[in-house]
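Open the model in your viewer and keep the selection panel at hand. The stops below say what to select next and what is there.

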Amino acid sequence: MALKGRAWKFGNDVDTDVIIPARYLNTSNPAELARHCMEDIDKEYAAKVSTGDFLVAGKNFGCGSSREHAPIAIKASGASAVIARSFARIFYRNAFNMGLPIFEVPQAIDEIDAGDVLVLDMRQGMLRNETKGRQYAIAAVPPFMQELVAAGGLLNYMASRRKGT
Amino acid sequence: MTLTEKILARHAGKETVEPGELILARVDLALGNDVTSPIAIQAVRNLGVREVFDRERIALVPDHFTPNKDIASAEQARIMRDFAREYGIVNYFEVGRMGIEHVLLPDEGLVVPGDLVIGADSHTCTYGALCAFSTGVGSTDLAAAMISGEVWLKVPKSIRIVLSGKPRKWVEGKDVILHIIGEIGGDGALYQAMEYAGDGLAALPMAWRFTISNMAIEAGAKNGIFPFDGITKAYADERASRKYTVVEADRDARYAAEMGIDLGALEPQVAFPHMPENTRSLSRVGNVPIDQVVVGSCTNGRIEDLRSACEVLRGRKIHDGVRMIVFPATQEIYLQAMREGLMETFVTAGAAFSTPTCGPCLGGHMGILAKGEKAVATTNRNFVGRMGHPESEVYLSNPAVAAASAVLGRIGGPDEL
Ligand code: SF4
């Protein structure tokens, strides 16, 4: 499956308090969370993001709290994936557990500008920047993580395993 | 094997594990709070699961928005309470009997040396101080663990941090970890374990070790772990609710990197906005006037922290332009502070003294900052908007520096008083 959309560009160390400020954590409603996604660093994002768009960021994306509200907010905002130089570890596992695809493509980040049209092909392991006419290989996702994604997240994976035993 | 590898291997039922290996490990305790567990609870219910893996091995602590901040928080707290009752969760802690999770659980003896603990809260890494493996996960991981008693983990590489010497007066655990984060950066230990060693450990009481492990995540680490020694033993023997296991690193354990720290050379540290890695030694802070001081949190809300702040405050008054708010981390600490007269010292000096809660640490309630305001806090994060308005600022310090700053009206140390 190929994902296609425009890039929203962010810097290094985008933390979970920025992705979804703690003052909104008294709800776990995805649509409500999506309305405030990124608002402390980009007031336009939540209103203007189109379905399928990508968040593109520097190193250590998602650092900070363990709140799954962060990947939930991003997913519910309509973004199809996050591409970054690196991810904070809890965000990394949360995203996989929630079914938000994320990719570490360090070599691509500097060459992506806000608004660039990107195509990401998970199966072929390829990221293409159509605006810039550049193409990058993506590192393979470990087999266990692929199983998680294929099952539709950790809970579905567990549910199928429970049935099996 | 390193300490982390040993504990992980034991819980995965394996002789050995290697960094990078994905394992399915047995958890000794799984933790959730009022922000993260409602999502996990919903997931458990959605799967139609009627029984958790072990009613005694789950801890539910409503500490973030409690005492309930508003109606929405009250509803979240109720989801936890109802679930705890219905599923017979033994370790549910109600307001008035609770505390901030990462101080409460070890103090209650629910985490013991050798354990593998996961929690749907990033500061779950705090328990590494007890020579346990503990790490923060998401709500879905918590749901999975509540059902199966297992978690998937990638075995991290370990960084060895060798401490030597003795810290000077007013240099505390907080300064050690802020210094490390300043050196290696907010992702300096990304996906890795931080393992402490060296003869400097003898100078670190349990409270300081908890502070140091607590902020492992602020260096991006998976966990921060201390070896088991006499200090750990004294604490565990007094508190442990279960039998514990002493784990030691092998002599030929492999570390990805090693760093040394001379504790005697450290000054108190202050982390400037908006990343904990923006540290400066106190003497290089300059003139930073402040509006608020917060002493508390899972980082520095222990009795030792309150004592340290009181040592500075005793006989002094808080600066006219400053609001100081103190949050003991648990009911036990609250009571102890009362018995030792610490509460009186704080209140006489002009501070507000609160019931245990996370409160302003995460900008939840009880001390939110207005636009442009600056706070010194003994908490662990100073991200944009962390304590309130996106244009407010948080400076992180140890409790003694926080108290001195409250008196001075600007960031400064006890020696300036
Ligand atoms: S005190 Fe702060 S850092 Fe600790 S658990 Fe509460 S909100 Fe999180």
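**Stop 1: where the chains meet**

Start with chain A and chain B in this predicted model: 41 residues of chain A are in contact with 49 residues of chain B. Together the two chains bury an area of about 3,600 Å² between them, and carbon and sulfur atoms give 60% of that area. Now select Asn26(A), Arg89(A) and Arg93(A). These residues supply 21% of the area that chain A buries against chain B, more than any other three residues.

**Stop 2: links across the interface**

Show side chains on both sides of the interface. Between chain A and chain B there are three salt bridges. One to look at joins Lys59(A) and Asp187(B), with 3.7 Å from N to O.

Next, colour the helices of chain A. Which elements give two or more residues to the side of chain A that touches chain B? They are helix H1 (16–19), helix H4 (69–76), helix H5 (89–98), helix H7 (143–151) and helix H8 (154–164) of chain A. H5(A) gives the most to this side, with seven residues. Sorted by class, the side of chain A that touches chain B has 18 nonpolar, ten polar and 13 charged residues.

**Stop 3: a salt bridge within chain A**

Stay with chain A and select Asp40(A) and Arg23(A). Their side chains form a salt bridge in which the closest N and O atoms are 2.7 Å apart. The pair links distant parts of the chain, 17 residues apart: Asp40(A) is in the loop between helix H2 (30–35) and helix H3 (45–48) of chain A, while Arg23(A) is in the loop between H1 and H2 of chain A. Over all chains, a search of the whole structure finds 37 salt bridges.

**Stop 4: two helices of chain B**

Move to chain B and select helix H7 (residues 206–214) and helix H8 (residues 230–239) of that chain. They pack at an angle of about 100°, and their axes are 10 Å apart. Angles of 65 to 115 degrees count as roughly perpendicular, so H7(B) and H8(B) are roughly perpendicular to each other.

To see the contact itself, show Met206(B), Arg209(B) and Phe210(B) in H7(B), which meet Ile231(B), Thr232(B) and Tyr235(B) in H8(B). By class, this contact of H7(B) with H8(B) has four nonpolar, one polar and one charged residues.

**Stop 5: backbone details in chain B**

Finish with the backbone of chain B. Where is Pro67(B) found? Pro67(B) sits in the loop between strand E3 (58–61) and helix H3 (71–87) of chain B, and a cis peptide bond, with omega of about -15°, joins Thr66(B) to Pro67(B).

Then select Pro273(B) and His274(B), which are also joined by a cis peptide bond, with omega of about -5°. His274(B) is in the loop between strand E12 (269–271) and strand E13 (279–281) of chain B.

Tyr191(B) has a positive phi of about 65°, although it is not a glycine.

Conventions:
Residues numbered from 1 in each chain as written. Chains lettered and ligands numbered in written order. Predicted model: local features only at pLDDT ≥ 70, side-chain atom pairs only at ≥ 80, totals over all residues. Heavy atoms only, no water. Contact = heavy atoms within 4.5 Å. Buried area = accessible area lost by both parts, 1.4 Å probe. Salt bridge = Lys/Arg side-chain N within 4 Å of Asp/Glu carboxyl O. Helix = DSSP H or I, 4+ residues; strand = E, 2+ residues; numbered from the N terminus. Nonpolar A, V, L, I, M, F, W, Y, C, P; charged D, E, K, R; others polar. Axes fitted to C-alpha atoms, helices over the stretch in contact; angles between N-to-C directions. Parallel < 35°, antiparallel > 145°, perpendicular 65-115°, else oblique.
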